[in-house]
Each structure stands twice: as structure tokens, then as C-alpha cells.
Amino acid sequence: MRNQTNKPNRRCGIFIFNKKKELLVIARYSQDDWEVPSWEHKNNDDYLEVAMQGVMEFTGIDFFNYKEEYFSPLKHNISGNNVFVPYVIKGEETADKFKCWVMMSDGLPDCEDWEWVSIKDAESMLNPIQRNILKGIRV
């Protein structure tokens, strides 16, 4: 039987690019790095639905009415005990105002900022696992 502490930390997220080829990144109070919106994968949930849930919770952008073919799945990225299941959507102009629905124990939202950034800037802002995924994305 597998030890619970060895269970992988699996997250699903969406790399959202606007028409200017800028990437949407978020700054969370509970994390040190900027990141793309993502959500923890539990049980047997659908990866894309989990990724869309993360976008909705951290930005307020609702992708649930989009067709699945709008999202390009990418190869899962594994780093130690962390697994990231990425998707890409390009050409979005859906957001310039964001809302975070995830609240911390003190009642404050978990997101402190959102930015559209160039790929070059994102390479220095993202955590290592997401930075590695970004290197393989052609916009």
C-alpha cells in the first residue's frame, strides 16, 4: 500500500494567452512565485474541468461554456512529487478585470494580483515546473 505522504501533488492549469501573445499570470498570497491559474486534482476528476475550475476560482473567468477543442492539452510535467497537467488557450480577450473567489483563513482573497505579461517576463516569474512547460509552448 502506498504511503499517503508519497502521493503526488497533482495540479491542473491553463496557460491563457491574449491576442498580443501575453500570458495571464496570478500572484497568490500563499505562494512565492507568480503562476498560471491552476487547481488541485483530486480523485478521478476530469483534468480539463479541474483546470477550468482553477481559472474560475482565481480569476473569475468562466471557461465552462467553451468547447473542449478550444483547449490544447500539453504533456504532463513531473518534478519530484509534483505533477502539473497543463492546457493552453490562445487569443483570449475575455478578461481585463479579475476576481478571486478563493479565500484564506483570515478572510482575504488568495490572489493579490493578476497581470498579462510577455513570454520573456513570464520565464523569470513562473515557478520552475510551469517555466519548463512554457518553454514548449508556441504562441
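This is a predicted model: local features need pLDDT of at least 70, side-chain atom pairs count only at pLDDT 80 or more; totals for chains, interfaces and linings use all residues.
The term denotes a side-chain nitrogen of Lys or Arg within 4 Å of a carboxyl oxygen of Asp or Glu. Glu35 is buried at 4% relative accessibility, and Arg28 is likewise buried, its relative accessible area being 10%. Buried stands for under 20% relative accessible area, exposed for over 50% and partly exposed for values in between (1.4 Å probe, protein chains only).

Arg28 also forms a salt bridge with Asp110, whose closest N and O atoms lie 2.8 Å apart. This pair links distant parts of the chain, 82 residues apart: Arg28 belongs to strand S2 (residues 23-28), and Asp110 to the loop between S7 and strand S8 (111-117). Asp110 is buried, with a relative accessible area of 4%. Through shared partners, the salt bridges join Arg28, Glu35 and Asp110 into one network. The whole structure contains 2 salt bridges.

## The largest pocket

The largest pocket holds about 260 Å³ of space. It is lined by 14 residues, of which Arg11, Gln31, Glu35, Asn127 and Ile129 are the closest to its centre. Strand S1 (9-16), strand S7 (82-89) and helix H3 (128-135) are the elements that give two or more residues to this lining, and S7 gives the most, with 3 residues. Helices (H or I, at least four residues) and strands (E, at least two) are DSSP runs, numbered from the N terminus.

By class, the lining comprises 3 nonpolar, 6 polar and 5 charged residues. Ala, Val, Leu, Ile, Met, Phe, Trp, Tyr, Cys and Pro count as nonpolar, Asp, Glu, Lys and Arg as charged, and the others, Gly among them, as polar.

## The second largest pocket

The second largest pocket has a volume of about 170 Å³. Its lining consists of Lys7, Pro8, Asn9, Arg10, Glu40, His41, Lys42 and Asn43. These divide into 1 nonpolar, 3 polar and 4 charged residues.

## Basis of the values

A pocket is an open set of points on a 1 Å grid over the protein atoms alone, where a 1.4 Å probe fits, with protein on both sides within 12 Å along at least five of seven lines; lining residues have an atom within 4 Å of a point. Grid points are joined across faces, edges and corners, and a volume is the space filled by probe spheres set on them.

Residues are numbered from 1 along each chain as its sequence is written, and side-chain values use heavy atoms, leaving out hydrogens and water. Local features need pLDDT of at least 70 and side-chain atom pairs count only at pLDDT 80 or more, whereas totals for chains, interfaces and linings use all residues.
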